[in-house]
Amino acid sequence: MLCFQCEQTDRTGEVPGCAGALGNCGKDSGTSDLQDLLLYAVKGIAQYAVRARDLDAPDDEAAGFILSSVFTTLTNVNFSPTRFVALLREAAAVRDRVRARYEEAARARGLDPRPLSGPAAFEPAPDMPGLLGQAAVARVDHGIALVGPDITGLRALHLYALKGICAYAHHAHVLGRHSEKVFAGVEEGLAYLAESPTDANELLARAVGLGHLNLAVMELLDAANTGTYGAQQPTAVRCTPVAGKAILVSGHDLKDLAAVLEQTKDTGINVYTHGEMLPAHGYPLLKAYPHLAGNYGGAWQDQQKDFAEFPGPVLMTSNCIIEPHARYRRRIFTAGPVGWPGVRHIANGDFTPLVRAARALPGFTEDGPEQFITVGFGRDAVLSVADDVIGAVRRGDIRHFFLVGGCDGPTPGRDYYADFALGAPRDSVVLTLGCAKYRFNRHDFGEIGGIPRLLDLGQCNDTYSAIAIASALADAFGCGINDLPLTLALSWTEQKAVAVLLTLLALGVRNIHLGPTLPAYLTPALVQELVDRFGLRVVGDAGTDVAAALERA
Ligand code: FSO
Ligand code: SF4
């Protein structure tokens, strides 16, 4: 096993990365190897899919399979080796189908279909020892002795950006939104990696290209969420319990939450959001359910305490799952791409077992004190008061905007983001998204002329809102995004954040403060390249960074 895809990776050895029996997230080496192998198999599907699509014989079902299976390999999503074995078998069957489509389309045009090599020719071994024996060729550092750490790091950057893109595209896909451009872009990116590229400039240029692709995906996801559930509206969310039976829903998948709400209608069971599900309260068609009672707990890394104390069942719909403790192991369920060995998985959208568990468990015996967090400042809500915001900037009432967001996590150094947000001057507005906000979203930031100083744009999945707002402000002031009084402080944990970062770089956004540490797979030379080309900064002291941002403006 070697895995260095996330911020939690082991940095204590000579070479960074989780190796040995267990990664820092709890992923065991066998599961890690199977994940690598699944990605290898998926690259093989992509090799044929690109050719089939070129011949006007796309297989969109295969493209959907690519999105969902790549999603299972993101950090803190799926730890279940049996699920990966099943996905590997399915991947081989999907590859065979896409290959047949390609061959048929080629022959129909009088072309001679070419058999492909590398991942496209991969046949999974029939048993676990055989599969684990095949994993070496799929390791993320395969070929490093030949190509060196810079190329290995760039390939990793490419792969992890694709992982983030697949996750976001999957969320849109389950809501019925997809685009040929996105399917084709994902297939091309994976097929490119299947060729083991060695040109650093090309890899870097293509990584920026993936940033553009991710922008299209974020737009698609925004359309999926708002098209299905309405545009987010400012909403005060209760963050203390009410008496009664209870279900807790975590992760990012709004469709699963909607299904749980629908299936618990008129049962007397209250539904609470956890972690990245908090912004769901802002969507009109979700908040219309009166039993969407509130938000419970903190960011994902607090789940072992939050879930243990919650008096009902828990549903994990996407990242980030941590090993369930014995205290709640029998009442946590997974859905979609998520999995943990021995934890019940609901694959068909029928949440009856969850409802049954809620009835059998005690629920909350009394109401907590009334406390609220305000969410729902998606692009529509913010842009509907754009004139007020622009006027406040012109009058000098708003001096600066800070976007403080991204992932939270257990590694040290993340108090930086709370210090940064809380240290922003009174005449500045703090925009936030992702789970990093739990470090400061219960603080009363006050208002500037009726405009809240803290605007929660939503999940990390709602990055498109941030880009739309920044673009609208830049248009209004007749300048570029970099000329706005706007500074970004981004916190990253996993691969979706990598895709978002590349999108911002692709848009030419400079001087982003990134932390708490930089990705371990980026060598010092690659970091220098990003610093030189994009003005990327590693977070330092929060007070100093805020002051420097104000000085630059
Ligand atoms: Fe957080 Fe986890 Fe949304 Fe990530 S819950 S860390 S970038 O998976 O997805 O922000
Ligand atoms: Fe380590 Fe992160 Fe990989 Fe888990 S996902 S094994 S913590 S690098």
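Trainee: Which residue forms a salt bridge with Asp222?

Mentor: In this predicted model, the closest N and O atoms of the pair are 2.5 Å apart. That separation is to be read against the cut-off of 4 Å for a salt bridge. The partner of Asp222 is Arg379.

Trainee: How many salt bridges are counted between domain 1 and domain 3?

Mentor: The domain assignment places domain 1 at 29-227 and domain 3 at 376-552, with domain 2 at 235-360. Between domain 1 and domain 3, the count is one salt bridge.

Trainee: How many residue pairs are in polar contact across the interface of domain 1 and domain 3?

Mentor: Both residues of a pair must reach pLDDT 80 or more to be included. A polar contact requires N or O atoms within 3.5 Å. Under this rule, the number of residue pairs is seven.

Trainee: Which element gives the most residues to the side of domain 1 that touches domain 3?

Mentor: Two or more residues come from helix H5 (144-174) and from helix H7 (200-229). The side as a whole divides into 16 nonpolar, nine polar and four charged residues. With 14 residues, the element that gives the most is H5.

Trainee: What area is buried between domain 1 and domain 3?

Mentor: The centres of the two domains, taken over C-alpha atoms, are separated by 31 Å. The contact takes 29 residues from domain 1 and 25 residues from domain 3. Carbon and sulfur atoms give 69% of the buried area, which is about 2500 Å².

Note on methods:
Residues are numbered from 1 along each chain as its sequence is written. Chains are lettered from A and ligands numbered from 1 in the order in which they are written. This is a predicted model: local features need pLDDT of at least 70, side-chain atom pairs count only at pLDDT 80 or more; totals for chains, interfaces and linings use all residues. Side-chain values use heavy atoms; hydrogens and water are left out. Domain bounds come from an automatic or database domain assignment. Contact means heavy atoms within 4.5 Å. Buried area is the accessible area (1.4 Å probe) that two parts lose on being put together, summed over both. A salt bridge is a side-chain nitrogen of Lys or Arg within 4 Å of a carboxyl oxygen of Asp or Glu. A polar contact is a pair of N or O atoms within 3.5 Å; within protein, one must be able to donate a hydrogen and the other to accept it, and residues adjacent in sequence count only if both atoms are side-chain atoms. Helices (H or I, at least four residues) and strands (E, at least two) are DSSP runs, numbered from the N terminus. Ala, Val, Leu, Ile, Met, Phe, Trp, Tyr, Cys and Pro count as nonpolar, Asp, Glu, Lys and Arg as charged, and the others, Gly among them, as polar.
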